[in-house]
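Subject: Structure handover

Hello,

Here is the structure I promised to pass on to you. Please open it alongside this email, and my notes follow below.

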Amino acid sequence: MPPKPLSLIRAIIMGPPGSGKGTVSSRIVTKFIFHHISSGDILRHHIRSNTELGLEAQKFTSSGLLVPDNLVTKVVLAELNANQDKSWLLDGYPRTVSQAEELDRNFLVGVVLNLDVPFDTITERISKRWIHPGSGRTYNLDFNPPVIAGKDDVSGEDLVQREDDKPESVTKRLELYSNMTKPLLDYYSDQDKVVSFSGTETNVIWPHIKKYLEEKTEV
């Protein structure tokens, strides 16, 4: 079945790491006619393609530095300008109020889809993830545990937990996300543009997002 046609929608999707934002974004793009614009993906594309913007960004990434806000904005606005006749879903941008203000000077954002997943749920989910370093095979102690605890099913070698997946690391990342995004959510809330979808699992949240977007479908 082809994607459902929508009236032109300019949307931003937000959600903490581990909230299922990538999965939800993929489902939105599959079900509806949206151009998915991920700031990280676009930057990597420009760097690989050696574009003028990419070469400028590479000066920072090659030194392990963050790409400055104004350069990220240039990259994103260039992509948006090239897709003015399409509905789009912005992912990973804006990250700051100043970026949001610059976006508003160029495009009218219609809605901010905010994934509201309890931090305790995310911490528990991510901290149960273990990997086999040699192959990259991933296990979750709840959803797909190894046959033998702590061992890779194929090689029998030890599984390890990435530093980023340890509970204390996950908690720090979530706190950082909360501190960074609260001003941004406040900014869009003041414009009455934030629609939050709460739940502990993607399959619980998704039907509500799908229904919301279907209400905007042209029939």
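In what sense do strand β4 and β7 pair, and over how many bridges? Strand β4 (residues 111-116) pairs with β7 in the parallel sense, over 5 bridges. Valine 112 is the residue that stands opposite valine 194 in β7.

Before going further, please note that this is a predicted model, in which local features need pLDDT of at least 70 and side-chain atom pairs count only at pLDDT 80 or more, while totals for chains, interfaces and linings use all residues. Residues are numbered from 1 along each chain as its sequence is written, and side-chain values use heavy atoms, with hydrogens and water left out. Helices (H or I, at least four residues) and strands (E, at least two) are DSSP runs numbered from the N terminus, and two strands pair if DSSP finds at least two bridges between them.

The sheet

β4 and β7 belong to an open sheet of 5 strands in the order β2-β3-β1-β4-β7, with parallel pairing. β2 (35-38) and β7 (194-198) are at the edges with a single partner strand each, so one side of each has no neighbour in the sheet. On average, neighbouring strands are turned by 25° against each other, direction ignored. Axes here are lines fitted to C-alpha atoms, for helices over the stretch in contact, and angles run from 0 to 180 degrees between N-to-C directions.

Helix α2 (residues 39-48) lies across β2 and β3 (88-91), and runs at about 75° to β2.

In β7 you will also find valine 195. Valine 195 is partly exposed, with a relative accessible area of 24%; buried means under 20%, exposed over 50%, and partly exposed in between (1.4 Å probe, protein chains only). Not counting residues up to four places away in sequence, valine 195 touches Val111, Val112, Leu113, Asn114 and Tyr212, where contact means heavy atoms within 4.5 Å.

The helices

Helix α1 (residues 21-31) and helix α8 (residues 202-214) have axes that come within 11 Å and cross at roughly 35°. Their contact involves Thr23, Val24, Arg27, Ile28 and Lys31 of α1, together with Thr202, Asn203, Trp206, Ile209, Lys210 and Leu213 of α8.

Which residues of helix α3 (residues 52-61) are buried? They are Leu53, Gly54 and Ala57. These cover an arc of only 90° around the axis, which puts them on the same side of α3; the arc is that of the directions from the helix axis to the C-beta atoms. An α-helix has 3.6 residues a turn, so residues three or four places apart point the same way. The buried residues of α3 pack against α2 and α4 (69-81), whereas Glu52 and Lys59 are exposed on the other side of α3.

Helix α6 (residues 119-127) has Ile122, Thr123, Ile126 and Ser127 as its buried residues. They span an arc of only 115° around the axis, which places them on the same side of α6. The buried residues of α6 pack against β5 (129-131) and α7 (167-189).

A loop residue

Glutamine 161 lies in the loop between β6 (138-140) and α7. Is glutamine 161 buried or exposed? Glutamine 161 is buried, with a relative accessible area of 17%. Leaving aside neighbours within four places in sequence, glutamine 161 is in contact with Ile126, Ser127, Lys128, Arg129, Trp130 and Lys166.
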